[in-house]
Amino acid sequence: MGLLNNKIKWTTVIYAPFPYQIELVSGETFWFYDEKGVDGLGFNGHAGAGWKVGGINTSGGSPASRVDIPLGVNLTWLSHTERKYYHIKYHLPRQVIAEAFDKKLDREANSERNKERHNTLAFAFSPGGFVSLRVGGASTKVIANFQAEEVDIPWEFFARTNHFNPNGLSEERYNGNFIKDMPEPYQSQALKGIFPTERWKNYCLKKYPWHVATKMDVYGYRQFCVDGDSFFITKADFKNIDQTALQAVPTWFKWFYKENGKRYQSTVCFSRNIPGQKEDPEGDIEVFAVFEKYFANNTLATALVIEKVAGNLVAYLTNGSRKLDLKLYHSNTWELRDGQYPWF
């Protein structure tokens, strides 16, 4: 069984893109101990602050000590803005989870390399019932994606389960309050039943053969992608990068480099979303479309080159015969002080 014998401890986190709020009515990771018995770890919560940011720790769902890797998960949620319930029972990729939690991770704030571990299981819910499962911590990695089915749940059952009188608050008013909180044009779209049901699914499922390349004296970088993937890597491990691997579309990089004996950090951002600020649900559309079009008829390994030209950072895609400049948003550079990031 190998790594499957390892016990793990995690925090359960949920995400949903702003402003498409969801309520996880019932979540449960479960184990079968024999043919008739089942044990589970229940959890619930609300989400809607962002697809990649604003994750919420659930109520329950986080074991107090190390346990066997769960066999599966049950999820039932209410999409307030769609006014629909969804459900799925999914057998978890236990081997992938075991490998992820066994892996040593790097973090740019640490003085020592590769000392971190994954410590969260995260579920990201998007309109249309699509769910993405991630392991998180010092890095975030999407490890599975699944599609739930729409289900009917009586309002009385939902209300009683949530400890309020269904006669005192109607289902229409309950969901309507969430829709009223949506900014325009999303509120009007929701009232018309218009939702981006394919957007985040495509972000997770569409991967392309690109890799980072540069002539700069780069000592490390953190990469962020549209599906939620994020990792930090230093120069010592650049040689281990698989340049033929398929990756989700990148949104931005933390870029650490030296120039003329000085140390710098840059933000290299291809998304309209401003790093560290509230997520715009449409902020990644342009860069995703650029990659989708570029790779529509191209399966060659492609370099995403980041370099300096006339003192300014530029980025482009090239497969050796075709070059495409990438637009940078919100990008800036600053010199690091003594004591900041002492690993380089």
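Helices here are DSSP runs of H or I with at least four residues, strands are runs of E with at least two, and both are numbered from the N terminus. This is a predicted model, where local features need pLDDT of at least 70, side-chain atom pairs count only at pLDDT 80 or more, and totals for chains, interfaces and linings use all residues. Residues are numbered from 1 along each chain as its sequence is written, and side-chain values use heavy atoms, with hydrogens and water left out.

View 1. W155 and F158 sit three residues apart in helix 2 (residues 155-161), so about one helical turn separates them. A pair of aromatic rings is described by the distance of the centres and the angle of the planes. Across the whole structure, a search turns up 37 aromatic pairs; rings of Phe, Tyr and Trp (its six-membered ring) pair if their centres lie within 6.5 Å, and planes under 30 degrees apart count as stacked, over 60 as edge-to-face and the rest as tilted. For W155 and F158, the ring centres are 5.1 Å apart and the planes are at 20°, so this pair is stacked. Are the two residues buried or exposed? W155 is buried, at 12% relative accessible area, and F158 is buried too, at 1%. (Buried means under 20%, exposed over 50%, partly exposed in between, with a 1.4 Å probe and protein chains only.) Both belong to one aromatic cluster that also takes in Y85, F164, Y174 and F178.

**View 2. Y257 and Y264.** Here the ring centres of Y257 and Y264 are 5.5 Å apart with planes at 20°, so they count as stacked. Both tyrosines are buried.

**View 3. Two cis peptide bonds.** Most residues other than glycine have a negative phi, and most peptide bonds are trans. The bond joining F18 and P19 is cis, with omega about 0°, and P19 is in the loop between strand 2 (11-15) and strand 3 (22-32). From E184 to P185 the peptide bond is cis as well, with omega near 5°; P185 has its place in the loop between helix 3 and helix 4 (186-191).

View 4. N114 isn't a glycine, yet its phi is positive, near 50°. Look for N114 in the loop between helix 1 (94-102) and strand 10 (120-126), where it is partly exposed at 29% relative accessible area. A310 has a positive phi of about 55° and lies in the loop between strand 19 (302-309) and strand 20 (312-318). A310 counts as exposed, because its relative accessibility is 78%.
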